[in-house]
Structures are given as structure tokens and as C-alpha cells.
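Please prepare a briefing on the side-chain contacts of the structure shown here, grouped by topic.

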Amino acid sequence: MTKGDSAAVRLLNRARLVPRIAWLAARAPRDPHRAWEGYWKDIRTTGAGGQVLWDSASDAEREQYADALRAHLDTSLPVIDVGCGNGSFTRWLAGIFPEALGVDVSPSAIARAEAEAAGLANVSFAVVDATEPGAAVSPHRGACNVFVRGVLHVLPPRSQAVMAANLRTSVRGGRVFLTETNFPGSSLEYVERLGAAPGYIPAGLKRAIAGLPRPGHFGATERGAAFPEDQWKLLADGPAVIHAVPSETAESTPIPGYFAVLQPRKEA
């Protein structure tokens with residue numbers, strides 16, 4: 001098969017895949033609160049072999065964050081895991097910080113997180129919509145840190161800015177560590193990277209397409225818009241690798257990502 005033939009096959013396969021993706025995406029609720037609650041309400045298994053696309057339980061992904069967290073965040077302060085889902089990263093963060101609180105917009109996600117963290121004394125959870133204007137992301141009166149993984153890239157720009165403003169008033173002397181997917185290709189190339197093909201879409205990916213807001217990019221440009229320089233000081237940033245769960249036919253899938261460490265500037 002020539003290169004031209006290979007390119008033609010790829011184009012044909014994508015033409016066959018597009019209608020299936022479009023049909024699934026059309027089923028997703030337009031209200032993000034309803035979407036996230038509906039998604040988590042139906043989840044039965046989590047972790048590397050579970051139904052949640054991004055809950056890979058990857059040690060390799062966590063290890064790439066550990067040094068940056070210890071280098072740039074005060075590990076004597078509590079940490080808030082914003083958009084915690086079932087709390088996998090909240091539980092991991094509790095091994096680095098003295099206290100970890102996971103917050104999520106979905107009550108069903110929080111219920112599952114509480115069940116999975118049973119017996120951990122320094123882990124707690126609460127239902128919080130971090131994109132609600134004026135929302136208090138942290139109940140702590142003193143300084144705390146914030147950890148965000150894979151939340152901002154599924155929000156529209158306005159909600160990203162509102163969430164950043166809420167984080168700024170919540171950390172009170174702490175810092176924010178964020179890590180997001182920043183896939184350089186198109187949405188179609190993204191789902192292909194996650195295992196989608198004309199005759200097969202992995203179950204976890206299918207569930208996400210049909211039930212959740214459409215993901216986008218989040219890199220330095222998007223960070224600069226949501227966390228403007230006059231309000232935030234950038235301490236570190238760079239490439240990251242986000243791991244999705246293994247599909248039925250492939251190993252854990254690494255996705256190009258972006259991380260940043262930010263500190264609120266003091267009010268003038």
C-alpha cells in the first residue's frame with residue numbers, strides 16, 4: 001500500500017467515524033450540572049479497569065507532579081482538589097499535604113469519593129460548584145493550596161475566568177497547581193488517540209462523548225486568559241502527560257497536556 005493509499009484509507013475511516021461521534025455527542029445534556037450528575041450517577045467501577053475515562057490511577061502521571069508540588073507549594077498547608085470526581089487524586093494528595101479536601105459539582109461523585117476514601121482521617125469531600133460566581137471553593141479561613149486536574153479544558157472561557165476568580169479569593173496565601181489536557185490536533189484526532197475507530201469506540205470514551213461537555217485545549221494561551229498576569233504570578237509551567245484509562249484493546253493512553261503553578265498577586 002502506498003502512502004497515498006494509506007492517506008485515502010485514513011480519510012475514509014474518519015468519514016465513517018464522524019457520524020457516529022456526532023450522534024453520540026448530540027445526546028449529551030446541554031446543562032453541565034445535569035451532565036456531570038447524570039454521568040457520575042451511572043458509574044459503577046473506577047480505577048484502571050473502570051468506567052471513568054480519566055481515572056487511570058497512573059503512578060507515572062502522579063510522579064511527574066510530585067516534585068513540582070513539593071517545590072512550589074507549601075506542603076504544610078491543606079490542599080483543595082477542585083473537580084475531584086471520585087477522589088483518586090484527593091487521596092493521593094493526602095499523602096503529601098496534611099489535609100486534602102475534594103470538591104465537585106456532582107453529589108453522586110462526592111458520594112462515591114466518600115465511599116472510596118473510607119477510613120482516611122485527613123480526607124474530606126464537599127459538593128461545590130467552582131464555576132458559580134462568588135463560590136467559596138475552600139472552607140479554610142487561612143491559607144491553602146489548590147490542585148486542579150482536567151477541569152478547565154471542559155469549561156467555556158467565561159466559566160474558566162469565573163473559576164480562576166473564585167480560586168484567587170480562596171487560596172489566601174497559598175498557590176494553585178493545575179494540569180490539563182492540551183491535545184494539539186482536532187477533536188476527531190483526539191478521540192482517535194483515545195481508541196475510537198469506525199467500528200469501535202471504547203466504552204469509557206463512548207460514555208464521556210454521550211454524557212459530558214465537549215473538551216477543548218488548555219495551554220499557556222488559555223491559562224493567560226483565565227489567570228491574567230495582573231492578578232496572578234506564574235511560577236512555573238510546561239508540558240505534562242495526562243493518562244487515560246486503558247481501553248479494551250490498548251494500554252493506558254498518554255495525552256499531551258500542560259501544567260502551571262500560579263500565585264495570586266496581592267490586591268493593590
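Buried means under 20% relative accessible area, exposed means over 50%, and partly exposed lies in between (1.4 Å probe, protein chains only). This is a predicted model, in which local features need pLDDT of at least 70 and side-chain atom pairs count only at pLDDT 80 or more, while totals for chains, interfaces and linings use all residues. Residues are numbered from 1 along each chain as its sequence is written, and side-chain values use heavy atoms, with hydrogens and water left out.

**Salt bridges**

- The structure holds four salt bridges, each defined as a side-chain nitrogen of Lys or Arg within 4 Å of a carboxyl oxygen of Asp or Glu.
- One of them joins glutamate 61 to arginine 149, with the closest N and O atoms 2.6 Å apart, and both residues are buried.
- Another joins arginine 112 to glutamate 116, with the closest N and O atoms 3.3 Å apart; arginine 112 is partly exposed, at a relative accessible area of 22%.

**Aromatic contacts**

- Rings of Phe, Tyr and Trp (its six-membered ring) pair if their centres lie within 6.5 Å, with planes under 30 degrees apart counted as stacked, over 60 as edge-to-face and the rest as tilted.
- By this rule there are 14 aromatic pairs.
- In one of these pairs, tyrosine 39 and tryptophan 40 are edge-to-face, at 5.6 Å centre to centre and 90 degrees between the planes, and both residues are buried.
- One aromatic cluster is formed by Tyr65, Phe89, Trp92, Phe147, Phe177 and Phe259.
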